[in-house]
Amino acid sequence: MKMQLLPLSIVVMGAIFTFSCNHQPKESAHAGNADFISDSAMKLIRLDTARWRNIDDELKLSGEVSFDENKVVKIYPFSSGQVLSVNVSIGDYVKSGQTLATIKSAEVAGNYADLSIAGNDIAIAEKDMQNKDRLYKNGIASEKEYQEAREYYNKAMANAHKIKEQIQINGGGRTAASGVYIVTAPRSGYVVEKLINPGNFIRNDNSTNMFTIGDISDVWIWANVYETDIAKVKQGYAAFVNTLSYPDSVFEGKVDKVSQVLDPVSKVMKIRIVLANRSGTLKPEMFANITIHNTEASKMVAVPASAIINDNKKNYVVVFKNNNDVDSREIKVYKTAGGYAYIREGLQQGEQIITKNQILIYKKIQDNNNTSVGSR
């Protein structure tokens, strides 16, 4: 006979429970006996009521932790040049605006040189325009000469503005006339890619990024759903995640996206779960075990799963009416999910059962029944 381990000694409980060997009716082996469970024993048990509940369903999946792609940024060079220094390493946490690297660029130096020349052109054009304006007003120069001088001035201004915009695009205040520009973090997060080192030459027409920064305050979990389980997963379902690194921690999120296409090789469908990760415990590439939890439309009588007693491959509960009317009852369990056992047969809505230390009472009931049978 396989039974759950007794949480307390039978000898100790024998001092608490009082039994009688009188004849018992079939419907309750102890009805009519005084104080089958004494007042002191009542303090050691817990009662719960069988209730109608929506049937919970659980689906076990595997997956991995990933960045929230909306919070990942790749940093590309905006000008060619040579890397002078790199201030961060992979895994470093950086704040928005923090210096990542410095680069010396002939293009940036050229922009500042062009700006200086443009400034001289503006000064010359402005002086010529003012001179032509004065001569025109005195009738010495023609209106055409004045308009040409004014047009030249406007072109010089436009050229200078264009160069300033180019400098702004190439880092603005992070650049210097010497051609050195500073690469800064556009947002806070962790450095997950570093593809440059001091001394490297880079080109702005290269498609390779220099850094990737990811914020893991929220993460995505990508899970694999096999074809047979597709109908069991829908957007909005609750998801519970744990990892090999933190097996005792459960992270709760929701199914945020359900793919409509199966992978042609693995034949699985991908779903995305969004989790808050304020403590930064979850890291990208971690393996994850996922439990998808949903509630079916149908209902069934349910009791806490902890109340079930397994004896000889059968399931029992201890039904309580009062401390003199207690009996064990065989039940048929439909399934167990979400901490509840759903009862297909043997228990009615509203009946009370014992959910704590019930195994002790069950054992005493069995012993008492066996004694009654032997005395006949």
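## Surroundings of serine 217

Serine 217 touches Lys71, Ala276, Asn277 and Arg278, where residues up to four places away in sequence are not counted and contact means heavy atoms within 4.5 Å. This is a predicted model, in which local features need pLDDT of at least 70, side-chain atom pairs count only at pLDDT 80 or more, and totals for chains, interfaces and linings use all residues. Residues are numbered from 1 along each chain as its sequence is written, and side-chain values use heavy atoms, with hydrogens and water left out.

The loop that holds serine 217 runs between strand 10 (211–214) and strand 11 (218–226); strands (E, at least two residues) are DSSP runs, numbered from the N terminus. Serine 217 and serine 279 are 62 residues apart in sequence, while their C-alpha atoms are 7.3 Å apart in space.

Strand 14 (residues 268–276) pairs with strand 11 in the antiparallel sense over 9 bridges; two strands pair if DSSP finds at least two bridges between them. Within this pairing, valine 225 has methionine 269 as its bridge partner.

Strand 14 also pairs with strand 13 (residues 251–262), again antiparallel, over 5 bridges. Lysine 254 has valine 274 of strand 14 as its bridge partner. Strands 13 and 14 form a hairpin with 5 residues between them, and lysine 267 in the turn has a positive phi of about 60 degrees.

Strand 4 (residues 81–86) and strand 6 (residues 99–104) pair over 4 bridges in the antiparallel sense. The bridge partner of serine 85 is threonine 102 in strand 6.
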